[in-house]
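Take a walk through this model in two stops.

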Amino acid sequence: MCPLSPRCIGLALRLLALVLAIYVFPGPAAVEAQASLSPRNANYTLDVRVDTDAGTLTGLQRLVWRNIQDQPTSELWFHLYWNGWRNNQSTWLLEDRIRGRSTAGKTLKAEDWGYQIIEKARWLDPEGPVDLTASLRFAAPDDGNPEDRTVMVLDLPRPVAPGETIEVELEFRARVPRTFARTGRVGDFYFVAHWFPKLGVFEGAEGWNCHQFHSATEFYSDYGNYDVRLTLPQRYVVGATGREVETEAHGDGTASHRFVQEDVHGFAWTASPDYLERRETFEEPGLPPVEIRLLLQPEHERQAERHLEATRAALKFYGLWYGPYPYGHITVVDPAWGSGAGGMEYPTLFTCGTRLLSPAGTGSPEGVTIHEAGHQFWYGMVGNNEFEHAWIDEGLNTFSTARTYYAAFDPPVYTQRYLGMPGARGGFLPWKFDEVPMNRAVHGNRLDRYRRDATSDTPSTPTFHYYPSTASSITYSKTAVWLHTLERYLGWETLQEILSTFFERWKFRHPEPEDFFAVANEVAGQDLTWFFDQVYGGSQTFDYGIERMVSRPFRAEGLFEAEDGSLEYRGKGDSSSDGGEKTEEPKEKLFRTEVTVRRYGDGTFPVEVLLVFEDGTEVRRAWDGQDRWTLLVEERNTKLRHAVVDPERILLLDLNFTNNSRLLESQARFPAIKWGSRWLFWAQDLLHVFSFFG
Amino acid sequence: MSFLQAFFRGLRHTGDQSGLVGWLWLANLLIALPAGVLMVHTLDQAIGPSLVHENLRQGFDLGWYGEIEDSNGGLMETFRPSAVVAAGPLLDNLEGWITGRLWSEYPALLGMISLFLLAWILLQGGVLARLHDPLSPRGLRGLLAAGADLFFRLLRLAILSAPLYFLVYKLGRWLLGRIAGATREVTRETTVLLYALAALALVAFLLLLVRAVFDYARIAVVVENRHRALGAVLRGLGFVLSRPGKVFALVALGGILALAAMGLYALLAPGVGTSTVVGLILGILIQQLYLMARIAVRVTILGSELELYKTHRVV
C-alpha cells in the first residue's frame, strides 16, 4: 500500500481528528469548571464512527475514573451489554424465553444479532501506557453462565489507591442489533443505548457491582461527564444525551456530531433521516427553564403538541413535588414503527411511543411520555441500583406518573384496539369507550397487574432474581400501589415531603432501600417498619372483608335481677299463667347488629369499619386489623343498612374490594340482569355472525 | 333482471313473509338464552351483597371487573368491557369474523355455537323453501318440515364449505405473517396498516365469495331439488362466475345494509348508566331490534339471490 495514497491520508486525518477530539477539545476536565452536581468519578470521552450500511460501530473510548471508595482495587469491571444479544445462550436471552417475550415469536436473521468486541485496552499510566488487552476475561457473577459475555474484567498491573484517578483507553467495535430491549436499528432508524464498554460501580470492600445483563432489569453506573463524537452519514438527524456543541460536515458525505453532558450515568443516541424536529422552552414559576427538543416521526406530526404537553406536565409536577430538573434541556424521542425502542429512559433523553391512530383521551402517548420524562428524576438523578432495587426508580416513578397524569389531564377511558398484526401488541384501530373511565388508584398504579402476581416475588429479593415474567408487576405495580396506600394513610403532604426529602438527599447518589425507609420514618414522625416489612420484606397479600352481618329486633329474654334482688323472667310468655310479672313492650324496637369483619389475607393494616343504619346514622369503629376477625356489636333502635371495612379505601393493597362492603340484602339482581342482558346481546350477535358459515 | 330489481323482489318477499325473520330471531334468542341466564347468575354471585352494585347500576366498574377478571374461568372469560359496552359487541364479533378468531376463542360456548349452526341450517332450508314457493305451508310446522326435508343436503353443503373457510383464514394468517416479514424494515405504521388492511380486505372478499358460491348452491338445491352436494356447489360456482357483477353487487348491498344497521346501533346503543327497569327494557328492545334488522338483511339478500338465480339460471 502506498503511504501517500488518498486512503492513507484520509486515515491519517481521521486519526489526527481523534487525537484532537480527545486531547485538545474541551473534554470532561474542562467541563468540571462548572458546578459539580455529582461525584463525577466515571468520565467518558468517546469517538465513534457508525457504518450505517453494515450496521456497525467502531469507537475509541477514554475513561477517566476516580476511586471514590476507601479500598484499593486492582481490577476494572465493565458491562458489555450488547453481548446479551450475541447468541441465544446469553443470560438475557435465556431469561427472555422464560419471560415469553420478544425472541419467542421472532424470526432472527444472522444480521439481527449484536455484539461488542474489545480490540485493545490500555491503561494510560503517567509512567507509560500499559496494554491490558491480554488480561481481558469475562465473568458471570450472577449465574456462572460461561456463555454470557456481558461482563468483562481487566486486571491492572497495580492497585488503584483510594482517591487515585486513572485513565483507560478502549478500542472497540460493535454491531447494532435489531432491536432488543429498546436498543438497535430497524431500516434506517437507530436507537442506540448501553452501547459502549461501561464501567461497573466499585463499592469498596464489597468489590465491583457489575451484574450480567438480565432480561427484566436495567442499569447501574456511577455519575460522570460524557463527551461523545458521533460520525455518521450527513442525512441523519441525530439526537443524544446532552447538548450538541459542535457539528462538522466531512467531504465524504458524513458528519460528526459532538454532544457533551455533565453529571449523568449513561449516554444514548438516536439517528434517523426521517425525524421532524420541534423545540420549545418549558417555563414554570419556581423552576428553571428547560429546552425541550422533540424528535418526531412524520406520521405522528399531529401528536407533537401532546408529546410536548406531557413532557411539560412531568417537568412541572415532578419539579414542584420533588425538586427541579437541573440540566436545562431534554430530548424527547418518538421512535419509529417496528423499532421496539419506545418507552425507555436515558439521561436527558427518553423515548415515548405512540400509534398512528391514538385519539386524545386514550392515555397514549401522554402516559408513557410522563413516565419516561419522570425517570429523569427517579433513575436519572436518584441513581439507585436497578439490577438489585429496581422498585426504587420504577415504583416511585409509576406512582408519580399516575399522580401527574391525573393532575394534568382528564382520566383516560377504556380503549380497545382492533385488527393487529399476528403477535403484535394492540391493533391498528382504536375504539374508545367514553363511558368507561379509568382511575388513578386502580389503573394508574396498575393494581390489576399487582393482583395477578401479588405473591410471585418478595420485593426485597434482588430484582435480577425476580421471576422474569412477573418481575414488572412487583417492581412497578406493587410499589406504586403501596406508595398510594401510604399517601392515603399519611396524607399527600407527608408523602410528598418524604419523597422530596429522599430526592434531595440522594440525588446524584446511589440510595439503598433502607435509605428510603429511614427517610420515610423520619419525615412521617413514626416508625413505619411494620408496613415496609410487609410490602417490601414480604409477599403478604391484604384482604379485609365483611364476612357476616346480622341486624334484627332484639329483646332481653331470660332471668334478670329485679329491684328486690330476686330473679325475674323476661321474654316470651312472661305474662302467662306462671304468675310472672308482665314486662312492658319497649316503646321503640331495639335492633342488635352484629358485624363480623375478617382478615382474609396474611397482611395486616389498621382499618376503619363504617356501619350505616337505616335512619342515616353512621358509626365508625377503628380496628387494628391484627386478628383474623373481629366482631362489632351495636344495639340501636334502627336497623343496619350496610357496613364497609376501610370505606375510604386507604388500603389500596386490598386485593378484593368487592367483599369490603355488605348490604343486609343483596341488590345484585338488577346490575346482574343489566350486564347479563348486554352479554346476551353479544352472544346473540356472535351467533348471528356464525350464521355466515351455515 | 338487475341486482336492484332482484333486491327489491327479495325485500318484498321478506316483507310478505316477515314471520320468517321472527322465527330466526327466536331461534337465535332461545339458543343464547340459557347461557345468558347462566351469565346473570354468575354476575349475581360475583356482585353478591356488596355495595359495588351501585357502581354497576350507574356505569361499568372497571375496578370490580379487574377483581373478577382473573378469578373466573369458563363463561366469564367472555365477559369483558368491550363485549358489553356500547358498540363493542359488534366490533368484537366483526373483528372475530374477519380474523377467524371466532373459531378459536370461545371454547366455553362451543355447545351453544354448534347447536345454533344446526338450527340455522334447519331453519335456513325452511326459509329458502318458503321464499322459493310462497304457497308452501306456513307457520313453524311448515318451516320446520321444509327445513327437515332439506336439512342433510344443506348440512353436507355446510361441511363442504368448512375447509374452504378454513383455507381462507389460513391464507389470511399467512398473508399477515408475510406482511410482517416483508415490512420488518419499514419504519412507518401507515405503510404496514395499508398492507394489513389490503390483506384483510382480500380475506373478507374471499369469505364473501365462498359464501356467495354456497348461497347459490343452497338455492340450487331448493330450486332444482338437487341431491348431490358437489353438483350444487359447481352449479353455485358457475352462477357466480357467469354473473359476477350482479352477484357481488347484491353481496355489497347486503354488506352496506349490515354496516348501516351497525352504525345505527352504535348511535342508539344503550349507555352504561341505565339504572331503571324502563331503561333496561328499552336497551334490550334496541338490541333485539338490531338483531332482527340484521336477520332481515340476511333473509332479504337470500331472497334477492334466489330471485336472481331463478331469473338467470340456465336450465
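Begin with helix α6 of chain B, whose buried residues pack against elements of both chains: β24 (413–418), β25 (429–437) and α13 (669–690) of chain A, together with α5 (81–84) and α12 (244–268) of chain B. The model is predicted: local features need pLDDT of at least 70, side-chain atom pairs count only at pLDDT 80 or more, and totals for chains, interfaces and linings use all residues. Residues are numbered from 1 along each chain as its sequence is written, while chains are lettered from A and ligands numbered from 1 in the order in which they are written.

Helices (H or I, at least four residues) and strands (E, at least two) are DSSP runs, numbered from the N terminus. The buried residues of α6(B) are Gly88(B), Pro89(B), Leu90(B), Asp92(B), Asn93(B), Glu95(B) and Thr99(B). Buried means 20 or more other C-beta atoms within 10 Å of the residue's own, with C-beta atoms placed from the backbone.

Now check the helix length. α6(B) has 12 residues, 88–99, so at 1.5 Å a residue it should span 16 Å; its end C-alpha atoms are 16 Å apart, which agrees. The expected span is 1.5 Å times one less than the number of residues. Just after α6(B), Gly100(B) takes a positive phi of about 85 degrees.

Move to chain A. Its domains are domain 1 (9–273), domain 2 (274–539) and domain 3 (541–558 + 588–682), with bounds from an automatic or database domain assignment. The centres of domains 2 and 3 of chain A, taken over C-alpha atoms, are 35 Å apart.

Methods: A residue is buried if 20 or more other C-beta atoms lie within 10 Å of its own, exposed if 12 or fewer, and partly exposed in between; C-beta atoms are placed from the backbone. Two residues are in contact if their C-beta atoms, placed from the backbone, lie within 7 Å.
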